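This briefing is a guide to reading one chain alongside its sequence and coordinates. Please keep the structure open while going through the points below.

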Amino acid sequence: MAGAARRRDGRITQERMLEEAMTAIAEDGLAALTMSALAERLGTSGGHILYYFGSKDRLLLEALRWSEEQLTGERRALLGRRVPAARKLDQFLELYLPEGPRDPRWTLWIELWARTASNQPLKAAQEEIDDSWQRDLEALLARGVDQGRFAPMDVPGRASELLALLDGLSTRVVLGQRGADRARALEQARSAVALLVPRT
């Protein structure tokens, strides 16, 4: 329980629960994450965690949202940097791809994708997160076109294609498929970008 952030009333904060859930997924995998196991890591009760999240599905979704909020901040900072458009796009690729097979954010994505067909609130939440990445990539590509760095293109369509490609590469990395690691995925993404986003 050392280091667990607590409010003035002694209760562990929701943010700390989400942070610890992501750490547990990275260390032990998603299958090992239960409410009781998370409670034990935090030195609290499973009931306390259920009070805030109601179910494991909701906990996983909120953990994903929390992780994505951090990446949104990094992404917006990236978009505001004064670097060439091609370099900015390369940094976007690096930010998007998983760190490796134990990347907890991507482990969550794959798990929650499988549950969206029967869960409309989950589907809506995932679409909201996806749309945020789409908008930011569109803004990056459009600015590159406006600056004369990228050739004219169908920006929304090209952004959607690139994100679909990155999703596929990321899934292969997280599943630990043969020959699929972060370095290889980044190399493949860069090759695709060279074809799909030609420079002027």
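How many helices and how many strands are there in the chain? There are nine helices and zero strands, where helices (H or I, at least four residues) and strands (E, at least two) are DSSP runs numbered from the N terminus. The model is a predicted one, in which local features need pLDDT of at least 70 and side-chain atom pairs count only at pLDDT 80 or more, whereas totals for chains, interfaces and linings use all residues. Residues are numbered from 1 along each chain as its sequence is written, and side-chain values use heavy atoms, with hydrogens and water left out.

**Overall architecture**
- Read from the N terminus on, the elements run α-α-α-α-α-α-α-α-α, and the C-alpha atoms fill a box of roughly 60 × 40 × 35 Å, taken along the principal axes.
- Of the 200 residues in the chain, 44% are buried, a class defined as under 20% relative accessible area, with exposed being over 50% and partly exposed in between (1.4 Å probe, protein chains only).
- Among contacts (heavy atoms within 4.5 Å) between residues at least 6 apart in sequence, 65% join residues at least 24 apart.
- The chain exposes about 10,600 Å², of which carbon and sulfur atoms supply 49%; such areas come from the Shrake-Rupley method with a 1.4 Å probe, and for residues only the protein chains shown count as cover.

**Charges and salt bridges**
- The chain carries 29 positive and 29 negative side chains, and the centres of the two sets lie 3 Å apart; Lys and Arg count as positive and Asp and Glu as negative, while His and the chain ends are not counted.
- Side chains of opposite charge can pair when their charged atoms come close.
- The count comes to 16 salt bridges, each being a side-chain nitrogen of Lys or Arg within 4 Å of a carboxyl oxygen of Asp or Glu.
- Arg16, Glu19, Glu20, Glu27, Asp28 and Arg41 are linked in a network of salt bridges.

**Individual pairs**
- Asp136 and Arg76 meet through their side chains in a salt bridge (2.9 Å, N to O), and this pair links distant parts of the chain, with Asp136 in helix H7 and Arg76 in helix H4 (residues 56-79), 60 residues apart.
- Within that pair, Asp136 is buried, with a relative accessible area of 6%, whereas Arg76, at 42%, is partly exposed.
- In helix H8 (residues 155-174), Glu161 and Arg158 are three residues apart and therefore separated by about one helical turn; their side chains meet in a salt bridge at 3.0 Å, N to O, and Glu161 counts as partly exposed at 41% relative accessibility.
- Glu187 forms a salt bridge with Arg184, the closest N and O atoms being 3.0 Å apart, and these two residues of helix H9 (residues 182-196) are likewise about one helical turn apart because they are three residues apart.
- Both partners are partly exposed, Glu187 with a relative accessible area of 44% and Arg184 at 34% relative accessibility.

**Two further residues of helix H7**
- Gln126 lies in helix H7 and is buried, with a relative accessible area of 3%; not counting residues up to four places away in sequence, Gln126 touches Trp109, Leu112, Trp113 and Thr116.
- Arg143 also lies in helix H7 (residues 120-146) but counts as exposed, at 52% relative accessibility.
- The C-alpha atoms of Arg143 and Ile49 are separated by 44 Å, the two residues being 94 residues apart along the chain.

Notes. Charge placed at Lys NZ, Arg CZ, Asp CG, Glu CD.
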